[in-house]
Amino acid sequence: MKVEIILLLLSPIFLICIAWEYRSHRENYSIKDSVSSTLLALLHQGSDLLAFTLLSPLFLYLYQWRLFDIELTFITVFLAFVLQDFLYYWFHRASHNIHWMWAAHVVHHSSPKMNLTTAFRQSFMYPLAGMWVFWMPLIFIGFPIELTFLVVALNLAFQFFVHTQVIKNLGWVEYLFNTPSHHRVHHSVADQHIDKNFAGVLIIWDKLFGTFEAESELIPCKYGAVGHPYQLNPIKATWWQWGYMIAKCGKARGFTSKLKALFGYP
Ligand SMILES: [Zn+2]
Ligand SMILES: [Zn+2]
């Protein structure tokens, strides 16, 4: 079974949750915005599948050089999940700090809306931005390729549930896990919220590496992406930042400045 199927299998649960949120908190929704995000999700799934197919020989090659032969047990699957979540933290942090990666990730942040369909807002340029590179340590350690991409998909599936303004505080869960409250801060453009809460599933990485910020009534969350125009057209939403980055690189004088335009802080 291809691991991409996981997200398709879970889609009825996603749709039920969206219907519930829409019925009870219609004010958080715009149909056009949700349709745009859903189209982006389909494009993203397509490009993921294509990238997985094209890169499979590379994954297999790397797996030949694996450090360990890892048997599938509850413990090793759990380890793969935690390790991938740790790598996700660094992937996400890099996506906010390196222009080349931000060009793909900004799409996820580019809506002023925050609801469950915001989770669908993903760029089909992630494979070019190099997201998959971050999972290579798992394959090199010796976790089977299918397991590696299964935990990647499960991490993404978990994150669907943190895109909502409806759930306020989850008590003790807030200490350990990424929650709607923590992720609202991540999507907020308030000064104190910029570059905070990069967690996928476990919030402990932000607490360990100094990027944690708790939600507070004193600083209301306002959603969107700094310096990026809101685009409903999925293609325009995907291309805008790449265009901006390439133009910035073209105008930059000298090799170092050009590199900085591509790989510096966006
Ligand atoms: Zn982000
Ligand atoms: Zn998000």
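# A guided look at a predicted model

Visitor: How many disulfides does the count come to?
Guide: Welcome! This is a predicted model, and a disulfide here needs a pair of cysteine sulfur atoms within 2.5 Å. By that rule, the count of disulfides comes to 0.

Visitor: Is Cys17 buried, exposed or partly exposed?
Guide: Its relative accessible area is 22%. Buried means under 20% and exposed means over 50%, so a value of 22% makes Cys17 partly exposed.

Visitor: And which class does Cys221 fall into, buried, exposed or partly exposed?
Guide: Cys221 has a relative accessible area of 22%. The class between under 20% and over 50% is the one that applies, so Cys221 is partly exposed.

Visitor: How many cavities of 30 Å³ or more are there, and about how much space lies in the largest cavity?
Guide: The count comes to 1 cavity of 30 Å³ or more. The space in the largest cavity is about 350 Å³.

Visitor: Which element gives the most to the lining of the largest cavity?
Guide: The lining holds 23 residues, and Asp48, Met131, Trp135, Phe149 and Val152 lie nearest the centre of the cavity. Two or more lining residues come from each of helix H2 (31–64), helix H3 (74–97), helix H5 (126–129) and helix H7 (145–160). With 7 residues, the element that gives the most is H2.

Visitor: How many residues in the lining of the largest cavity are nonpolar?
Guide: Let's sort the lining by class. It has 2 charged residues and 5 polar ones. The nonpolar residues number 16.

Visitor: Which residues touch the most other members of the largest nonpolar core?
Guide: In soluble globular proteins, nonpolar side chains tend to be buried together. The largest nonpolar core of this model has 33 residues. Elements that give two or more residues to this core include H2, H3, H7, helix H4 (99–109) and helix H11 (234–251). The members that touch the most others are Phe59, Phe91, Trp135 and Phe149.

Visitor: How many residues are in the other core that lies apart from it?
Guide: This other core has Tyr29, Leu116, Ala119 and Phe120 among its members. Its residues number 10.

Visitor: What is Trp135 in contact with, leaving aside its neighbours within four places in sequence?
Guide: Trp135 is one of the residues nearest the centre of the largest cavity, and it also belongs to the largest nonpolar core. Leaving aside those sequence neighbours, Trp135 is in contact with Gln84, Leu87, Tyr88, Phe91, Thr148, Phe149 and Val152.

Visitor: What separates the C-alpha atoms of Leu87 and Phe134?
Guide: Leu87 lies in helix H3 and counts as buried, at 13% relative accessibility. Not counting residues up to four places away in sequence, it touches Phe134, Trp135, Pro137 and Leu138. Leu87 and Phe134 are 47 residues apart along the chain, yet their C-alpha atoms are separated by 6.3 Å.

Visitor: Why does Ser95 count as buried?
Guide: Ser95 is found in helix H3. Beyond its neighbours within four places in sequence, it is in contact with Met101, Trp102 and His105. Buried means under 20% relative accessible area, and Ser95 counts as buried because its relative accessibility is 0%.

Visitor: How many polar residues are in the lining of the second largest pocket?
Guide: This pocket holds about 310 Å³ of space, and of its 19 lining residues the closest to the centre are Trp102, Ile194, Ala225, Val226 and Tyr265. H4, H9 and H11 each supply at least two lining residues. By class the lining has 8 nonpolar residues and 1 charged residue, while the polar ones number 10.

Visitor: Is Asn197 buried or exposed?
Guide: Asn197 is found in the loop between H9 and H10, and its phi is near 55 degrees, a positive value in a residue other than glycine. Asp195 lies in the loop between helix H9 (180–187) and helix H10 (204–208), with a positive phi of about 60 degrees. With a relative accessible area of 0%, Asn197 is buried.

Technical notes
Residues numbered from 1 in each chain as written. Chains lettered and ligands numbered in written order. Predicted model: local features only at pLDDT ≥ 70, side-chain atom pairs only at ≥ 80, totals over all residues. Heavy atoms only, no water. Buried < 20%, exposed > 50% of the residue type's maximum accessible area, 1.4 Å probe, protein only. 1 Å grid on protein atoms, 1.4 Å probe; cavity = no way out; pocket = protein on both sides within 12 Å on 5 of 7 lines; lining within 4 Å. Points joined across faces, edges and corners; volume = space filled by probe spheres on them. Helix = DSSP H or I, 4+ residues; strand = E, 2+ residues; numbered from the N terminus. Nonpolar A, V, L, I, M, F, W, Y, C, P; charged D, E, K, R; others polar. Core = buried A, V, L, I, M, F, W, Y, C linked by side-chain atoms within 4.5 Å. Contact = heavy atoms within 4.5 Å.
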